[in-house]
Amino acid sequence: MQKLAKREEQIMQAFWSLGKSYIKEIIPELPDPKPHYNSVATMVKILEEKGFLDHETVGNIYNYYPKITREEYQKHAMKDIVSQYFNNSYPSMLAFFAKEEKISETELEEILTLIKSNKK
């Protein structure tokens with residue numbers, strides 16, 4: 001799975017939130033400044049070529065929908081970050097956030113509880 005560029009990811013976030021949508025429905029969901037319709041249409045075509053979107057034809061208009069779920073992309077993106085920045089070590093990633101005070105002791109305990117409950 002390819003990594004998404006910033007605008008591509010914004011468009012995918014809109015599709016993941018809305019589900020099956022026309023391009024004109026996606027534009028209001030994008031951050032300001034809103035891109036032009038033609039720019040979004042080009043990006044949607046690229047996302048379809050990359051395998052992130054597909055479409056069905058309704059009359060002479062395309063209705064697009066995600067082929068990859070948000071969760072699938074999150075898993076891929078997290079694996080990529082852990083690989084690139086934390087030497088494939090999730091404990092190193094958690095230690096980084098703990099040292100940077102981006103995660104509290106309570107949150108770490110919640111993570112441990114979640115890990116233990118998933119192993120049962």
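Me: Let's start with Phe 86: is this residue buried or exposed in the predicted model?
Reply: This is a predicted model, so the values here are computed from it. Phe 86 lies in helix α4. Buried means under 20% relative accessible area. Phe 86 has a relative accessible area of 13%, so Phe 86 is buried.

Me: Which residues is Phe 86 in contact with, leaving aside its neighbours within four places in sequence?
Reply: Contact here means heavy atoms within 4.5 Å. With those neighbours set aside, the contacts of Phe 86 are Ile 81, Ser 92, Met 93 and Phe 96.

Me: How far apart in space are Phe 86 and Gln 2?
Reply: Along the sequence, 84 residues separate Phe 86 and Gln 2. In space, going from C-alpha to C-alpha, the distance between Phe 86 and Gln 2 is 20 Å.

Me: Is Tyr 85 buried or exposed?
Reply: Tyr 85 has its place in helix α4. A residue counts as exposed over 50% relative accessible area. Tyr 85 has 59%, so Tyr 85 is exposed.

Me: Now to charged side chains: how many salt bridges does a search of the whole structure find?
Reply: Side chains of opposite charge can pair when their charged atoms come close. Searching the whole structure gives a count of three.

Me: How many residues apart are Glu 8 and Lys 50?
Reply: Glu 8 sits in helix α1 (residues 6-18), while Lys 50 is in the loop between α3 (37-49) and β1 (53-58).

Me: Which residue has a backbone nitrogen that lies 2.8 Å from a polar atom of the Glu 8 side chain?
Reply: The side chain of Glu 8 has a polar contact of 2.9 Å with the side chain of Lys 50. The backbone nitrogen that lies 2.8 Å from a polar atom of the Glu 8 side chain belongs to Ala 5.

Me: How far apart are the end C-alpha atoms of α1?
Reply: Helix α1 has 13 residues. At 1.5 Å a residue, α1 should span 18 Å. The model agrees with this, because the end C-alpha atoms are apart by 19 Å.

Me: What covers the buried residues of α1?
Reply: The buried residues of α1 are Glu 8, Ile 11, Met 12, Ala 14, Phe 15 and Trp 16. Their cover includes α2, α3, β1, β2 (61-66) and α4 (70-86).

Me: What is omega for the peptide bond from Asp 32 to Pro 33?
Reply: Pro 33 is in the loop between α2 and α3. Asp 32 also forms a salt bridge with Lys 34, with the closest N and O atoms 3.5 Å apart. The peptide bond from Asp 32 to Pro 33 is cis, with omega near -5°.

Me: What phi does Asn 88 have?
Reply: Asn 88 is placed in the loop between α4 and α5. At 56% relative accessibility, Asn 88 counts as exposed. Although Asn 88 is not a glycine, its phi is positive, at about 60°.

Note on methods. Residues are numbered from 1 along each chain as its sequence is written. This is a predicted model: local features need pLDDT of at least 70, side-chain atom pairs count only at pLDDT 80 or more; totals for chains, interfaces and linings use all residues. Side-chain values use heavy atoms; hydrogens and water are left out. A salt bridge is a side-chain nitrogen of Lys or Arg within 4 Å of a carboxyl oxygen of Asp or Glu. Helices (H or I, at least four residues) and strands (E, at least two) are DSSP runs, numbered from the N terminus. A polar contact is a pair of N or O atoms within 3.5 Å; within protein, one must be able to donate a hydrogen and the other to accept it, and residues adjacent in sequence count only if both atoms are side-chain atoms. The expected span of a helix is 1.5 Å times one less than its number of residues. Buried means under 20% relative accessible area, exposed over 50%, partly exposed in between (1.4 Å probe, protein chains only).
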